[in-house]
Amino acid sequence: MRPIKTMVLCVAVLLAAAPCVLAAERWFLGEPWEQGIVRGVSSQRSAVKRGTSPAVLVGRAERNARRDKSVVKLYLLARAYGLRADFYRQRAARARKPEDKTRYQRHAREDHASSLATYREVLQQAPRCYFAYHDMGVMEMQREKPTKRVAFDYLSQAYRNNRNYTPTQRQLINLYLSGKQFAVAVPLLQRLVQLEPDDFEARRRLAVVLAETKQYDAAYRELEVLLTKSPGNPGYLLLRSQIDHQTGRYDRSLSTYQRLSRINPNVPTAFFGMLQTIGKMQAKGQNVDLNDSLYALKGLKRLERDSKRRAELQTEIDRVEHRLATPEGAAEGEPTTEQLLHALRGPEPNMRVAALKVLTLRKEKPTRAVLQAIAGHLSAKKEPSPGVRGGAIAALGRLSGSALIPLLRLALDDREEGVRAITADTLVGIASRDSAVAGPVIAILGTLVDDKSVEVSAHARHGILLLSSATLTGLAEDSDDDAHRKAFGVWWRGPEGESAQIDALDQYHRVGDKSADQVLVPYLSSPSFFVFRAAFQALGKARETAAGAAWQRWYGDIPQFPADRVVKENWAELKQAVSTWVSRRPGA
C-alpha cells in the first residue's frame, strides 16, 4: 500500500506487454493485432537477453515501421523507444559528471516523447489496443514527476478495452491502494484473483484490503486459502492474528502470535502482538497465563537495543516472575531457604514449581546444598512431574553457570518435549552469559535440529540463531562468521520450509555480515521465485555493511525495479538482469 515512487527500471523488464503467446491467449479479444504484438514483444525480450542494445532495437523497429506502418510495427517501435528511454534514465542515475547526467536526461525525455507519439499513432489505427493504453499509463508513472490522474486515465481506458488483461488490473490496484481507496480496489482484486487463482500475492493483498474495509469474514476466507498452500508463511499468519485480534477472538490471536514468534524470532511484531492481546483479554476479564506475558517480555528485551528500555522491560519481567513464583494465598513475607527446600520435597507439584521459582529469584548466592536439592529433580525417575523437571532445569541454568552443562545435557534425553525445549533454552541462556561456551552449546543444539518434536527443533534453531547473532556484533572483528552462516543453514532447513528461508533472508542484514554476498548470492539460484526475491532484496540491504570501495560500487550498481514489476511472471527477465550484475562481483 506504499505510494507510487519514481524508480529506475532495468531495460530488461520495461513495459508489461504479454510475456508469451500461450500465456497471453487468455487475454485476447480476437483483434487481428494481438498475436503479432505478443510475438514481437517476445522477440524484443529475447534480443535484450542476448545483449542487444536499446539503440539497435530502435533502429530495427524504425526500419520495419517505415516499410509497414501497421499496428504491430508501430507498437513495437513505440515500445523500443520506451526501452531506450529507460536505458538513458539508468545512465543518468549513475552518471558522475553533471554534464553527462544532463545529456542522458535529455535523451530520455526525447525518447519518452517519441514513444508516446508513436503509441498515439497505434491508437489512431486500433482504438481498442489495450496494450498501448497500458504502456502509456506505466510510462506516465515512471516519469520523474508523474501525474497520477493521467496515468489513471490511460490505465482505465486499457481496462475498459479489456477487463481480462491482468497487468492493467495490477497497475490500477497499485494506484487505488497508493491513494488508500481500499473499497474501490476490492472488486479489482477479486477479479484478479478470479482470473489468476494461483497468484498468492494478489490474494494476500485482497485479504489485506478486505480487512482494511472491515470485511473480516471475507478476509479470513482468503487467508485460509493462502494458509492451505503455505501453512507457515509469517505474513499470512500475522494478518490472521491481527484479524482475530480485531474481531475479539483473542485466544486464537494469541496462539497465532506465539507461533509467529517461533517462526520469526528476530522481529518484535509477534511479541508486541502477544502483549496487546493479553491486555485485551485481561480487560475483558478472561483468564491469562502469566507465562505468556513473561515469554513476550523476554522476547522484546532480547531485541531491544536501548539500555533504558531494556531496564524497564527487566523490571516488568521481575514483577511477572515474582507473581508466578508466589502461590495464591501465600502468607506475607519472604520464606526461608529451609521452608523452600521443605516445599521442594513436598507432595504437591505446584508447590515444588513455586519453590523453585522463589529460589531462582532470591538475591543471595545459592549454597551447594540448594543446588544439589534442585538437581535432584532433573531425572524422571526421581521427579515424575514434567513441570517440576522443567522448573529445576531453568533454575539451575539461572543460578549456576557453564559447569552444569554436562548435567543439563542429560535432560535432553527426557521423554517430554516440553522439558527438552526448556533445556535447549536454558543452555542458550548460559551461553549468552558466557560466550566461551557458545561454540559447544551451538554444537549441542545442532543435535536437536532433527528432533522428532517440531517444538524442540524450533527451540534449538532459535537458540542457534540467538547465539550466533550475539557473537557477531561486527564480522570485521569477529572470526565466527562461519558458525553464523551454518546457523542460518540450520534455521531454514527446519519444518517451516520455504517460509523460514524467506524470513531468514529478510533478517540477514541485521548481523552486519561484511561478506554477505557469499551467503546470499547462491539463493538467487533457488527454484522458488519467492526465495529468489528475498535473496535479491537482502542483497539490496547489504551495501550498508560492505567493506571497501569496490564492493560499495558493486552494490551501488544493483539493478533497480519498481515493486510491482518484481513478480513471478517477470522472473526470467529479473534473473537475467541480476545474473549480469552478479557476474561483475569484485574478484569474480
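This is a predicted model: local features need pLDDT of at least 70, side-chain atom pairs count only at pLDDT 80 or more; totals for chains, interfaces and linings use all residues.

Student: Why is valine 370 called buried?
Tutor: Its relative accessibility is 6%. Buried means under 20%, so valine 370 counts as buried. Valine 370 lies in helix α19, residues 368–375. Beyond its neighbours within four places in sequence, valine 370 contacts Thr337, Leu341 and Leu359.

Student: Why does serine 385 count as buried, and where does it lie?
Tutor: The cut-off is under 20%. Serine 385 has 14% relative accessibility, so it counts as buried. Serine 385 is in the loop between α19 and α20 (386–399). With neighbours within four places left aside, serine 385 is in contact with Pro349 and Arg352.

Student: How do you know how far α8 is enclosed by the rest of the structure?
Tutor: Count its buried residues. They are 13 of the 13, so α8 is largely enclosed by the rest of the structure.

Student: What does the span of α8 come to, against the expected value?
Tutor: Helix α8 (residues 166–178) reaches 18 Å from its first C-alpha to its last. That is close to the 18 Å expected at 1.5 Å a residue. Just after α8, lysine 180 takes a positive phi of about 60°.

Student: Which residues have the most contacts inside the largest nonpolar core?
Tutor: They are Leu172, Leu223 and Ile243, in a core of 45 residues. Among the elements giving two or more residues to this core are α7 (148–161), α8 and α9 (182–195). A second, separate core has 40 residues, including Leu412 and Val441.

Student: What does leucine 172 touch?
Tutor: Phe152, Leu155, Ser156, Tyr159 and Leu188, leaving out residues up to four places away in sequence.

Student: How many aromatic pairs are there?
Tutor: The count comes to 15.

Student: What kind of pair do tryptophan 33 and phenylalanine 131 form, and why?
Tutor: Their ring centres are 6.3 Å apart, and pairing needs centres within 6.5 Å. Their planes stand at 70°; over 60 is edge-to-face, so that is the label. Tryptophan 33 is in the loop between α1 (21–24) and α2 (34–49), and phenylalanine 131 is in helix α6 (residues 130–142), so the pair ties together parts 98 residues apart in sequence.

Student: Why are phenylalanine 532 and tryptophan 571 called tilted?
Tutor: Their centres are 6.2 Å apart and their planes are at 45°. Stacked needs under 30 degrees and edge-to-face over 60, so the pair is tilted. Both phenylalanine 532 and tryptophan 571 are buried.

Student: What makes arginine 249 a charge over a ring?
Tutor: Its charged end sits over the ring of tyrosine 220, 4.6 Å from the centre. The distance cut-off is within 6 Å. Arginine 103 likewise lies over the face of tyrosine 104, at 5.0 Å from the ring centre.

Methods
Residues are numbered from 1 along each chain as its sequence is written. Side-chain values use heavy atoms; hydrogens and water are left out. Helices (H or I, at least four residues) and strands (E, at least two) are DSSP runs, numbered from the N terminus. Buried means under 20% relative accessible area, exposed over 50%, partly exposed in between (1.4 Å probe, protein chains only). Contact means heavy atoms within 4.5 Å. The expected span of a helix is 1.5 Å times one less than its number of residues. A nonpolar core is a set of buried Ala, Val, Leu, Ile, Met, Phe, Trp, Tyr and Cys residues joined through side-chain atoms within 4.5 Å. Rings of Phe, Tyr and Trp (its six-membered ring) pair if their centres lie within 6.5 Å; planes under 30 degrees apart count as stacked, over 60 as edge-to-face and the rest as tilted. A charge sits over a ring if NZ of Lys or CZ of Arg is within 6 Å of the ring centre and within 35 degrees of the ring normal.
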